[in-house]
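This report describes selected parts of one protein model. Look at the sequence and the structure below before reading on.

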Amino acid sequence: MVLIIILLVTSRDHLEHITSIGPRTTGSPENEILTVHYLLEQIKLIEVQSSSLHKISVDVQRPTGSFSIDFLGGFTSYYDNITNVVVKLEPRDGAQHAVLANCHFDSVANSPGASDDAVSCSVMLEVLHVLSSSSEALHHAVIFLFNGAEENVLQASHGFITQHSWANSIRAFINLEAAGVGGKELVFQTGILDKLIEGMNQMDGSKDDAMDCNRDKAISYHILARCFFTRILDGFSTLSFFSLLIGDNILAVLKYLATSDVLVSSSKYRHGNMVFFDVLGLFVIAYPSRVGSIINCMVVMAAVLYLGKKLLQPKHNTANYRKDFFCGFGITLIGWFTSLVTVLIIAVFISLIGQSLSWYNHFYVSVCLYGTAAAAKIIFIHTLAKRFYYVNASDQYLGEVFFDIALFVNCGSLIALIYGGFCSAFISAVWVAFPLLTKFCVHKDFKQHGARGKFIAFYLLGMFIPYLYALYLIWAVFEMFTPILGRSGSEIPPDVVLASILAGCTMILSSYFINFIYLAKSTQKTMLTLALVCTVTFLLVCSGTFFPYSSNPASPKPKRVFLQHMTRTFHDLDGKVVKRDSGIWINGFDYTGMSHITPHVPEINDTIRAHCEEKAPLCGFPWYLPVHFLIRKNWYLPASEVSPREPVHFRLISKEQTPWDSVKLTFEASGPSHMSLYVRPHKGSTLSQWSLGNGTPVTSKGGDYFVFYSHGLQASAWQFWIEVQVLEEQPEGVITVAIAAHYFSGEDKQSSQLDALKEKFPDWTFPSAWVCTYDLYAF
């Protein structure tokens, strides 16, 4: 306990200092100088206090490289002279094998990046301190990677793993990442399961939340601090206490791996052979996957024997049951399908009238609207079946039939998961084993007319564990992923997605309670209650009662808006300027557009909707990342020209004909730390090769080529070439190339008009603003 307190206190000190530096975008002095200086200073202090048993080596890596990535539709990344601070803690005589711990100290623009990811770097500093001062000798090395360009889509990680000499010794790694500003840590992806979980279970009171193990090719262990999914309010004051408790867990896992023989034979653990899960966030249960397979198969066999006995008896004994079973299965599917259709109709209507995301700040609204509608439709379908199809059947008989149908469905799910080799099969096993056991226990009471109350009591008690755990998992999923719908772009209706998820959850949760519809004398009151709740909620949502956004620091639900004050310049084939305009380009990151903003900022309305420049790549706008297919609704407010002190310089160095009848164009570009390059071959031309990535051009979604570029301090001019295969000459040239310069730090980042507009936004928004330029050329 004393160690945990020390970890918490010192980690908070590190965190407070790092976040006080402010936003730390790659290439900014705050990231490349101030944060790096602080890390090196603290590492030096740790080295002075370290035990003589250990040796500490420090390296400041500044890699340059390029790679293509299948993310956001696919694009290519190029980085130059970015920064990694790498520390190796090893035995005094050295070590052949190592485990890697990774965090990143850079942040997105305009964010102090407390949880994403300064908290992890703060924890890693203190874990390094504790391990280095320990009197227990290490068998293997521990490499601490503080990477300075993760928010640039993994650039610094790529630079380390492909170029650093220490990377060859790594046999396992732990990645500390964030997806919010609060909540307990969550294991969301892992290999080498048995040893990692064994190490975690050696902790004093480990209470990690754990999700299903993935068969990842890497020997990996990813942890993230969870909750609000809003990096824009990611400050020191909003960080959850639980996020700092990660230090105790990471210390235990690293210590275990560095002092055991696991890393020597790590390859045999790479896919993992453990099933592990947490119980309501209180403790972790772990067992070998072979044990899990045996348990799952035994559960399947018990269910198959139970159902087979009923379905495969002599025909004269089971003819009616078999018919009623399969008809009931069809009715169940119809109920699920119609419930899904019902909620989708409601969700589409809500989206069309402009009331999306009413549940974003009031989650209960989604349950009252979509959950009740789905439940009511399922009850309605089965009530009709009971009244008009199963006319002469007894309620006890029908209750047993539909219990067996629910068991059949869940058993089928379990078999599918076992066949697919998923460790998460234990969830379906719980949903088969406990109900089946409950059925055996209450079988006699079920048959007796006078024991209905006793039957219901025991039945609910037996279902308590699977339903409690299912509700816990469902809540964890919604807590993690629902906020993403608040920033999923303008093209995906979030209500449709959420309604579908809630309908699915209702289907799962209703499965073992459908039999009560047939056991009950009447379902009228239940249906009326659900319909009333759904109708009232629907009317309130349609009237705009539930405002989607909130600035509450305890649970922020902001509207994210990007404001880019830009000047665009379009050149023709002769280099002459054919068009030049300036304005503030506005992007909202959710489905509601600017409808909630317009009353506060009247100049932002549909009269200034941006129009796509069809002949320009990515519609002629300075996209920071290729998310144009997710955000098609933009606004362009006219504004004065911007004049950055560090303007972008872009020029064609050479043009040469190759022996294989293609044209090779070599370019040079210099400018701010972040630039985006867009390429579109004209009709009759194809982009065959370039000097980026692995040499093969990768298109982004839509057919254009997108290159994400960043550099650290003191980077040289960026030179690259592209090779165009010309099949048919066109009057307007063979290719269009555009380059956007993004100014995320320093004086060039701001403009008076941008600041004035930003000040008008209400406190429940977060307008992330910067200056940029866009230049388009034809060749």
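Leu357 is buried, with a relative accessible area of 0%. Buried means under 20% relative accessible area, exposed means over 50%, and partly exposed lies in between, with a 1.4 Å probe and protein chains only. The model is predicted, so local features need pLDDT of at least 70 and side-chain atom pairs count only at pLDDT 80 or more, while totals for chains, interfaces and linings use all residues. Residues are numbered from 1 along each chain as its sequence is written, and side-chain values use heavy atoms, with hydrogens and water left out.

Leu357 is found in the loop between α8 (315-352) and α9 (363-388). Helices (H or I, at least four residues) and strands (E, at least two) are DSSP runs, numbered from the N terminus. Leu357 has a positive phi although it is not a glycine, and Asn110 is another residue other than glycine with a positive phi. The table sets out the two phi values.

| Residue | Phi |
|---|---|
| Leu357 | about 65° |
| Asn110 | near 70° |

Asn110 is found in the loop between β5 (98-104) and α3 (114-132). Asn110 is buried, with a relative accessible area of 13%.

Helix α7 (residues 289-311) has 23 residues. From its first C-alpha to its last, α7 reaches 32 Å, close to the 33 Å expected at 1.5 Å a residue; the expected span is 1.5 Å times one less than the number of residues. Buried residues in α7 include Asn296, Val299, Val300, Ala303 and Leu307. An α-helix has 3.6 residues a turn, so residues three or four places apart point the same way.

On the surface, Leu280, Leu282, Phe283, Phe464, Ile465 and Leu468 form a nonpolar patch with about 530 Å² of accessible area together. Helix α13 (residues 452-481) gives the largest share of the patch, three residues. Ile465 is found in α13 and is partly exposed, with a relative accessible area of 43%.

Note on methods:
Patches are made of residues with over 30% relative accessible area and no salt bridge: like charges are joined within 9 Å, nonpolar side chains (Val, Leu, Ile, Met, Phe, Trp, Tyr) within 5 Å. Accessible areas come from the Shrake-Rupley method with a 1.4 Å probe; for residues, only the protein chains shown count as cover. A salt bridge is a side-chain nitrogen of Lys or Arg within 4 Å of a carboxyl oxygen of Asp or Glu.
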